[in-house]
Amino acid sequence: MSPDSKKLFNIIILGVSFMFIFTAFQTCGNIAQTVITNLNNTDFHGSGYTSMSIIYGVFSASNLISPSVVAIVGPQLSMFVSGIFYSLYIAVFIQPATWTFYTASVFIGIAAAVLWTAQGNCLTVNSDENTIGRNSGVFWALLQSSLFFGNLYIYFAWQGKTHISESDRRTVFIALTVISLVGTVLFFLIRKQEDTKAPGEEDSANEILGDSSSAQDKMARAVAAFKKSIKLSFTKEIMLLSVTTAYTGLELTFFSGVYGTCIGAVNRFGSEEKSLIGLSGIFIGVGEILGGGLFGLLSKNNRFGRNPVVMLGIVVHFIAFYLIFFNMPNNAPIAPMEGTDDVAYMIPSKEVAIFCSFLLGLGDSCFNTQLLSILGFLYSEDSAPAFAIFKFVQSICAAVAYFYSNYFLLQWQLLIMVVVGFFGTITFFAVEWEAAAALAARGSDYSSI
């Protein structure tokens, strides 16, 4: 197998592994609040929103140390151990207890930071400036296929149900736990890249992948990775991209946790309100897969760079927010177990609700594929710290959004995303223009990025 084929194989295995793990986790996140509100066990007092807020809060803090962990352990083992913790979190729902629920939330927050830092490193090591756009798109399309498969099961299993029984809950979460474990084991199929650097040349990506029998060398690499994270945090490019990343954290919370809860709370959707949560997740996945696949395939022939894709993303999201504002009751995110009979500015439409799910997924893929691409391009030699910062900002904003989702009406949640999304688009444009100018100065073809 040629080196290029081996690298593409690694990207595909990486994407498939994440697809299995996040088929389980994203389906779990999508239905968690609905499942919790249907629990008969009065001893359980957990909140899906609070759990996700804990996860993303710990996730954000753990990104400060995750490059050091990956430097010591290596990306492959880091992803495997993280996958085990994802599986344990999902397994908690088989027989939920408040203390295990929130304890698992803390551990999965740490695991998520390590998992995504190792993923960013693996993606960069297996790419170059000519393939980073394609590989980002391929990975993103495979990852977001997870939204399709898990939610397809939820749609058919919960068809016509207005209450989720204990048997229904256990069946779903046992299946999701097994699926997560399958994805975790697949990480061992990723093949280690050989070090092609000349003696004395440094590359943080290869440093992290490299073997070292010396504990002192590993600790030195860990300290170096931490210092690079701090140093990169204060560069102009990272600070500008942090606004864009903040927006992806807010809208991630909205489409992965809040919007499904809104749909499930609308009583005017009748007996289909619970199964529509699954259908919504499916169409979010369709939008994600379409965007990731399309932008990955077109990246080689895109003479205009990343900005048009990001512009498409913000326009698509603004259309979705406008339609959701008109279609969904304002109190839907915080409705009680009985749901809400309120009406917004139109009679709630299932078709409009599902169309908005597709738009949310498509817009999210526009932003994330281009952020992965530009980070891999700008920081090919500092991939682990750069992706750790990306996930730090994204996750802390997701944590904040999950926290205020317990209290804010729908209109305020939408307004926050509109404002941050507008400024995030502008800051991305600024970084991309600088990247294009730097590439032109080197005499490279802009379409290659």
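H10 passes H13 in a left-handed crossing; a crossing is left-handed if the near helix is turned anticlockwise from the far one by less than a right angle, and right-handed if clockwise.

Who touches whom? On the H10 side the contact residues include Leu241, Tyr247, Phe254, Phe255 and Tyr259, and on the H13 side they include Leu360, Phe367, Leu371 and Leu375. Contact means heavy atoms within 4.5 Å. The residues of this H10 and H13 contact split into 15 nonpolar, five polar and two charged. For that tally, Ala, Val, Leu, Ile, Met, Phe, Trp, Tyr, Cys and Pro count as nonpolar, Asp, Glu, Lys and Arg as charged, and the others, Gly among them, as polar.

Before going on, a word about the source: this is a predicted model, where local features need pLDDT of at least 70 and side-chain atom pairs count only at pLDDT 80 or more, though totals for chains, interfaces and linings use all residues. Residues are numbered from 1 along each chain as its sequence is written, and side-chain values use heavy atoms, leaving out hydrogens and water.

Zooming out, the chain's secondary structure comes to 15 helices and zero strands. Of the 449 residues, 57% are buried, meaning under 20% relative accessible area, with exposed being over 50% and partly exposed in between (1.4 Å probe, protein chains only). Among contacts with a separation of 6 or more, 86% are between residues 24 or more positions apart.

Now for the inside. The largest nonpolar core has 107 residues, and Phe18, Tyr89 and Met328 have the most contacts inside it. Such a core is a set of buried Ala, Val, Leu, Ile, Met, Phe, Trp, Tyr and Cys residues joined through side-chain atoms within 4.5 Å. Leaving aside neighbours within four places in sequence, Phe18 is in contact with residues including Met79, Leu115, Trp116, Phe139 and Phe187.

The axes of H3 (residues 66-73) and H5 (residues 98-125) come within 9 Å and cross at roughly 65 degrees. That makes H3 roughly perpendicular to H5, and the crossing is right-handed. Ser66, Pro67, Val69 and Val70 of H3 meet Ala113, Val114, Thr117 and Ala118 of H5. The residues of this contact are six nonpolar, two polar and no charged. In H3, the buried residues are Ser66, Pro67, Ser68, Val70 and Ala71, and the helix is followed by Gly74, which has a positive phi near 95 degrees.

H5 also holds Phe107, which counts as partly exposed because its relative accessibility is 43%. Its C-alpha is 8.7 Å from that of Tyr86, 21 residues apart along the chain.

Finally, look at Thr177 in helix H7 (residues 166-186). Thr177 is buried, at 11% relative accessible area. Not counting residues up to four places away in sequence, Thr177 touches Ser87, Ile90, Ala91 and Ile94. Thr177 and Val92 are 85 residues apart in sequence, yet 9.4 Å apart C-alpha to C-alpha.

Definitions and conventions
Axes are lines fitted to C-alpha atoms, for helices over the stretch in contact, and angles run from 0 to 180 degrees between N-to-C directions. Helices (H or I, at least four residues) and strands (E, at least two) are DSSP runs, numbered from the N terminus. Angles under 35 degrees count as roughly parallel, over 145 as roughly antiparallel, 65 to 115 as roughly perpendicular and the rest as oblique.
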